[in-house]
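Here is my note on the model. Please read the points with the structure open.

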2 protein chains.
Amino acid sequence: MKKTSFPTPQDCEAAFYEALEAANLEAMMEVWADDEEVVCVHPGWPRLCGYEQIRENWAQIFRSGERLKVHLSAQVCVQGMMLAVHSLHENILVAGEPKAQAPVVTTNVYLRSASGWRMVVHHGSIAPQAAPADPEPPSKSLH
Amino acid sequence: MKKTSFPTPQDCEAAFYEALEAANLEAMMEVWADDEEVVCVHPGWPRLCGYEQIRENWAQIFRSGERLKVHLSAQVCVQGMMLAVHSLHENILVAGEPKAQAPVVTTNVYLRSASGWRMVVHHGSIAPQAAPADPEPPSKSLH
């Protein structure tokens, strides 16, 4: 049973990155739709399908003890009544490492449910470099 | 001005892969929404934004002369009234090469417009291997 209601896709997205930075499994799984038709792709990993498989994966990631800071940029959003799609760059800093890694190009998809918006797709892949015409602003930082 | 109207996201997706296999630029650009807020990510490439940038990129790809056959599998679909999200594996065979490459994990997003469904996001990235619990059927072949 979900305890949190996210009134907008942006609220859901903010909660996703807060849970990721805090390595908080319960908070992370509040963000996801409790469904078989949810998909998570980390850079260079096989696709994960379904709430339980995705939960196990995040549990494993958070157990590793690695802590991340994520700065979001270059957001492009397409929103309907029931579905919202956010394309963005995740600029990730690993705690203890001085330099940010190459940005992760990410597609996040949110679905409106009876209890507010939930994540149904998180697809991230490594971008070797910014495209020449890639718009940097608008940007959004979690900090 | 768009000439084709795609009555469903599936029609739009079929047209995308037919245009890709035929290396037909005009057919490919019929599929895309003519908008600044469209996004294309090829495996290992920077993100491309906007109809014109995406058109130039496909023109460049098709000029290379490489011909591809794409077999789709492991489709997961989430559909709303105005937006549809398809997650799938592209199993790509390059003409003249005997063996399929590693599958491309792909998120395709379609938006309903006045003239039918159009693609607004194509995000592909290399999957090193199938996940253990990855459902193989239902699958859909273009051939």
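What is the mean pLDDT of chain A?

1. Confidence. The mean is 89, and 88% of the residues of chain A reach 70 or more. pLDDT is the predictor's confidence in each residue, from 0 to 100. For the complex, the predictor gives an ipTM of 0.87 and a pTM of 0.88.

2. Ground rules. This is a predicted model: local features need pLDDT of at least 70, side-chain atom pairs count only at pLDDT 80 or more, and totals for chains, interfaces and linings use all residues. Residues are numbered from 1 along each chain as its sequence is written, with chains lettered from A and ligands numbered from 1 in the order in which they are written.

3. Over residues 131-143 of chain A, pLDDT stays under 50. Where pLDDT is low, the predicted coordinates should not be read in detail.

4. Interface. 33 residues of chain B are in contact with 33 residues of chain A (C-beta atoms, placed from the backbone, within 7 Å). On the side of chain B that touches chain A, 22 residues are nonpolar, eight polar and three charged (nonpolar: Ala, Val, Leu, Ile, Met, Phe, Trp, Tyr, Cys and Pro; charged: Asp, Glu, Lys and Arg; polar: the others, Gly among them). 100% of the interface residues of chain B are also interface residues in chain A, so the copies meet through the same surface.

5. A contact set. Beyond its neighbours within four places in sequence, V120(B) is in contact with residues including V78(A), A33(B) and L111(B).

Conventions: Two residues are in contact if their C-beta atoms, placed from the backbone, lie within 7 Å.
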